[in-house]
Amino acid sequence: MSFMRFSYWLRGDRPELGPDQRERLAIETARNRIFITGAMFIVGFTWITYGLVDASVLRQGNEPAVASGTDARELKTERADIVDRNGILLATDLPTNSLYADARVVKDPVESADMLLTALPDLDRDTLIRHLSSRKAFVWIRRNLTPEQQYEVNSLGVPGLNFQREERRVYPHGRLFSHVLGFTDIDNNGIAGAEREFDNELRINNGPLQLSVDTRVQYALEEEVESAMETYSAVGAAGLVMDVYTGEVIAMTSLPNFDPHRPGQAPADARFNRSTLGVYEMGSVFKLFNTAIALETGSANLNSVFDATEPLRVARFSIRDYHAENRWLTVPEILVHSSNIGSARMAMAFGGATQQKYLKKLGMLDKPEIELPEVGGPLVPNPWREINTMTIAFGHGIAVTPLQVVNGISTIANGGIRRPSTVLRQDGAPAGERVFSRETSDLMRRLMRLVVTEGSGKNAEVAGYFLGGKTGTSEKLVNGRYVKNARMSTFVAAFPMQDPKYVVLVTLDEPKGTKKTYGFATAGWVSAPAVGKVVTRIAPLLGIEPANAKAPEIEQALQIELRKGERKLASF
Amino acid sequence: MKSLFGHNTNIAFSRADTSVLGIWWWTVDRWFLAAIILLMGIGALLVMSASPPVADRINVDSFHFVTRQFVFLGLAAACMFSISLLPVKWVRRLASIMFLGVIFLLIITPFIGSEIKGAVRWIHLAGVTIQPSEFLKPAFAVVVAWMFAEGRLNPNFPGYIVSSLMLALCIFLLMIQPDFGQTVVVTSIWSVQIFLAGLPIILVFCLGLGAVGLAVSAYLILPHVQSRVDRFLDPASGDNYQIERSMEAFMNGGIMGRGPGEGWVKNSIPDAHSDFIFAVAGEEFGLLFCVLVVGVFAFIIMRGLSRLMGERNLFVVLAVTGILVQFGLQAVINMASTLQLVPPKGMTLPFVSYGGSATIGIAIGMGFVLALTRKRPGE
């Protein structure tokens, strides 16, 4: 019976009452509890209403709003900007609108085309009609409209024409950096230069890409190189400025250049980067490397003399001097008179293996390391015979890019440490790799200065900035033969020589002599003055103060004895 | 004999009309009916707003869902009206047959059903896809109410035991799908009914504790329940895409809404036409409209419950309350999860969300309510 009692209790029932009363009791209980159920629903619906007010009204304002067209962040460009070392904008994206057609919606292709031609008269009518009648869902009509063009097209009201928001790459300095920056295609893919090399980084867009170039220096360099190129009717030119301690390219030009907004309209020659892609026999400029190797290895010192009395005959070749002295020459004299014979004999003294080892260390035997896709690999002899060693001593039989020469001269001038060339701004000098001792570098500084004061680089002299460098003139190889009147004339110089900071190079491709140069088109006449003018303009920009030549510390730093070489009996 | 007034007034049926429809008109709860019809109208409006972007996304005709939902609403109205004509005895019989049929369908669902989003809830029958669990709820509410009422009034009838076994069977069949949301609804119906049937308060508390225990074990045992709750408690922990867009829609709508068809956040809500249709209401019609919708739901529940105050039939009280609990709970859970007040559950907003089974299932339930709450003089 206790189970029954439990079961009554469980149901809230009272068995002692009659059936009618029990039903009334049950209904009574149920009704009372309906109130509780109803009350819980009221709580639930009130809670929902609170949630609604909270979501619709209270959150407004202090929570980020729904994306809207006027949000400034919408204007964030797709591709990162490129800036120079001082933050000057070199390349950026501008939002534009491009016109496309949904040809399925175009009603009358011919009529639509004629209407469209009133707004964009330079479109080709036949192509336009063909596109508009193609039944395709998407056909480009014209990319990157100006706002005015967009307005005009919009007001035509032609059905099926739509605008696609795009970004267009813009280079505020136009042609100035065309070979450094390169360009992008119409879809903003990097195609050349830094745009291509850093395509991924620019797409990821973690802020602007900072290059090592300095817009002011670039402008001065380009203007002077262009002026020299015009004066001497050269077909092309290259110019470089490098920080000797960091390997940073401060300015780099290659002429002719192109408009990066319309690269397709430029001839292939204009898109060819003579500074990093072109490889040339650099001529006598290599005598600096040759002399540095001789001094470093101890196979010669400043007082060593070499026989330059007569042309040097090796196999079927004959090595001659341009300004022949026809006597024994000291090492400084070999540079000042730019003696091929003396240089060749110097190279013979340390030998081909040593020459290769040092040129390898200087990066002359490999592709230049620079963050650009346009790099040219050097042309080096294979096998490396004795005659190659002799001609390479004065820069023939090896072809390298101007960039490599500038990097090599930086190594000589900065105390002997080689650092890779770079177009990216560096914070301080990277570790680098020692090639020459500090002593060799110090002697080379004096010798380079001597070339400008006494030798072929006189025309580069700029008062107070103590340039030191070397000329180099080589005949161009055309179809495997040297052509007499087609030259590459190069002058490379570091300054100020008592404490070199920068290296400047100017190369003119096929310069012609003028009345002023007495018809000469060699480097000393055409390239050296251009380097001088560049230094005159950029030294103040780069914060280098002119110094007094009579200052004792400068005299001491640059002093060198130019003694006449004599045949020494002892050497027999 | 016809009343003299009948021809002079705007009333459709004379009080003296003894035809089936005449009697129905004068005995049915017309306020309740009007609220249901209003809700169906709101549903039709919102499906027109919410479903075209979804249809475009899955590459069907823009009005694919609209057309279908209109057909469903028509069928639903017809079902509701027909059922509301039935006397109490027939409601009980119809619900019992339906219950047995649905149990059969639920048993075969795991074997012949198709898997959608990780759960097997749908079966294809004679060209239509139906979700049996949507039809289970009203039938369950009526049948269990019958069991409780019998058990209460007839001490020899084991109503409590039978209803408990029915609940256990339903929970089992729902959890193998798995369908946690429907399980919650079915369990709630049963709980409210046993509560109304007179369960001692001490046991009500025990039952409450049991429910909490069940919820906790569902969290611990069922990975998808766990992940939803985790994401609700810590929004940063996982993918809350839909719920975030939903909140954004309400924010975008503000008080007055963006206007019909003018919403854009809705375009990025995958289930805008079904579980998240309330967010579309918020974006396009605004806070005031949403409050109106909440008000209609609340009115339906309160009207239904108040109608029971004069009721003398325990079975009717329990059945109607059960169905109203189903209806109200679905509405509250759906709106609360759209508003990020509770973890999201796959639950439709009655008569508003797109869905054939859900709409017709709810309509059958409302038909039961209408039939059971008709005035029965002389009973």
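1. On the H5(B) side, the residues in contact are Glu134(B), Phe135(B), Lys137(B), Pro138(B) and Val142(B). Their partners in H13(B) are Ser357(B), Ala358(B), Gly361(B), Ile364(B), Gly365(B) and Phe368(B). Sorted by class, this contact of H5(B) with H13(B) comprises six nonpolar, three polar and two charged residues.

2. An unreviewed UniProt entry annotates several stretches of chain B as "transmembrane region", among them residues 189-222 and 353-373. For residues 353-373 of chain B, the model has 81% helix and 0% strand, with the end C-alpha atoms 26 Å apart. For residues 189-222 of chain B, the figures are 85% helix and 0% strand, and the end C-alpha atoms are 22 Å apart.

3. Chain B has a mean pLDDT of 85, and 94% of its residues reach 70 or more. Residues 1-10 of chain B have pLDDT below 50, and this stretch makes eight contacts in the model beyond near neighbours in sequence. Where pLDDT is low, predicted coordinates should not be read in detail.

4. For the complex, the predictor reports an ipTM of 0.90 and a pTM of 0.54.

Terms used: Residues numbered from 1 in each chain as written. Chains lettered and ligands numbered in written order. Predicted model: local features only at pLDDT ≥ 70, side-chain atom pairs only at ≥ 80, totals over all residues. Contact = placed C-beta atoms within 7 Å. Helix = DSSP H or I, 4+ residues; strand = E, 2+ residues; numbered from the N terminus. Nonpolar A, V, L, I, M, F, W, Y, C, P; charged D, E, K, R; others polar. UniProt positions renumbered as here; feature names shortened; annotations may be inferred. pLDDT = per-residue confidence, 0-100.
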